[in-house]
Amino acid sequence: MAETPDPDDLLSLEEQIAAYQREFQGLDPQVEQVVSALSRLTRRMNVAYGRQSATLGISNSEWEVLKVLVLSGAPYRLGPGDLAKRLGLTPAAMTHRIDRMVNEGLVTRERDADNRVRVIVELTPDGREKWVEAMRQATVFEADLLQDLSSQERGALGEMLTRVLRRVEEDQPDAEGRLSDLD
């Protein structure tokens with residue numbers, strides 16, 4: 001079954017902006033170029049990361065859980081509620097994701113020895129190795145992605161995008177994660 005093409009992919013970025021200007025007179029073409037380019041770049045990067053994850057036998061959503069556990073620091077353990085909050089998921093969606101990952105040997109789920117009511121999700125050695133390999137692949141992809149930019153340009157772009165991100169985070173503090181599970 002063929003994928004439905006994204007409407008943005010039917011036109012070049014320049015053609016899309018020209019069409020927007022034709023249909024909406026108040027459009028700032030510079031703003032639209034930045035926003036549309038970021039949107040297209042994000043979508044394509046997510047597809048590329050998904051392909052890389054698939055070669056490792058994990059999904060993007062599983063990669064997200066592995067990442068959150070690694071970022072929590074050794075011993076790479078969090079409760080399901082903490083994981084759900086950090087990923088912007090409902091508790092039910094998080095439980096479903098954890099169930100799959102336990103079955104795949106990426107994480108364990110155990111009762112907390114100090115508080116039998118509390119459940120702890122912990123990264124397994126296999127889960128950590130999948131995360132490390134995904135990082136290796138991503139590092140190669142990202143270096144290739146930015147190869148046409150000098151070190152100074154990368155630094156400037158990073159600083160500018162961080163400023164834009166801070167603005168969004170200040171203006172939309174509730175938009176940090178997804179509200180529903182998409183897998």
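**Reading salt bridges and helix packing**

Modeller: Start with D112, which is buried at a relative accessible area of 13%. Keep in mind that this is a predicted model.

Colleague: Which side chain does D112 meet in a salt bridge?

Modeller: First the general idea. Side chains of opposite charge can pair when their charged atoms come close. Here D112 pairs with R118, with 3.4 Å from N to O. That is a salt bridge because the cut-off is 4 Å. The two partners fall into separate burial classes: D112 is buried at 13%, while R118 is partly exposed at 35% relative accessibility.

Colleague: How many salt bridges does that rule give?

Modeller: The count is eight. One of them joins R109 and D99, at 2.7 Å from N to O.

Colleague: Which elements hold R109 and D99?

Modeller: R109 sits in strand β2, residues 107-111, and D99 in helix α5. The pair therefore ties together parts that lie ten residues apart in sequence. R109 has a relative accessible area of 33%, which makes it partly exposed. D99 is partly exposed too, at 30%.

Colleague: What about R136: which residue does it form a salt bridge with?

Modeller: Its partner is E129, and the closest N and O atoms are 3.6 Å apart. R136 is partly exposed, with a relative accessible area of 46%. E129 is partly exposed as well, at 41%.

Colleague: Which residues are linked with R136 in a network of salt bridges?

Modeller: E129 and E133 are linked with R136 in that network.

Colleague: On to helices. What describes two packed helices?

Modeller: Two values do: the angle between their axes and the distance between the axes. Take α4, residues 80-87, and α5, residues 91-103. They pack at about 110°, and their axes are 9 Å apart.

Colleague: Are α4 and α5 roughly parallel or roughly perpendicular?

Modeller: Roughly perpendicular. Angles from 65 to 115 degrees count as such, so the angle of about 110° qualifies.

Colleague: Which residues of α4 and α5 meet?

Modeller: From α4 come P80, L83, A84 and L87. From α5 come P91, M94, R97 and I98. By class, the contact has seven nonpolar residues, no polar ones and one charged.

Colleague: At what angle do α3 and α4 pack?

Modeller: Helix α3, residues 60-71, packs on α4 at about 110°, with the axes 10 Å apart. α3 is therefore roughly perpendicular to α4. The crossing of α3 past α4 is right-handed. α3 brings E64, V65, V68 and L69 to this contact, and α4 brings L83, R86 and L87. The contact of α3 with α4 divides into five nonpolar residues, no polar ones and two charged.

Colleague: Now the whole chain. How many helices and strands does it have?

Modeller: Seven helices and three strands. Reading from the N terminus, the order is α-α-α-β-α-α-β-β-α-α.

Colleague: What box do the C-alpha atoms fill?

Modeller: Roughly 65 × 40 × 30 Å, along the principal axes.

Colleague: What share of the residues counts as buried?

Modeller: Of 183 residues, 26% are buried. D112, at 13%, is a buried residue.

Colleague: And what share of the contacts joins residues at least 24 apart?

Modeller: Consider contacts between residues at least 6 apart in sequence: 52% of these join residues at least 24 apart.

Terms used
Residues numbered from 1 in each chain as written. Predicted model: local features only at pLDDT ≥ 70, side-chain atom pairs only at ≥ 80, totals over all residues. Heavy atoms only, no water. Axes fitted to C-alpha atoms, helices over the stretch in contact; angles between N-to-C directions. Helix = DSSP H or I, 4+ residues; strand = E, 2+ residues; numbered from the N terminus. Parallel < 35°, antiparallel > 145°, perpendicular 65-115°, else oblique. Contact = heavy atoms within 4.5 Å. Nonpolar A, V, L, I, M, F, W, Y, C, P; charged D, E, K, R; others polar. Buried < 20%, exposed > 50% of the residue type's maximum accessible area, 1.4 Å probe, protein only. Left-handed = near helix turned anticlockwise from the far one by under 90°.
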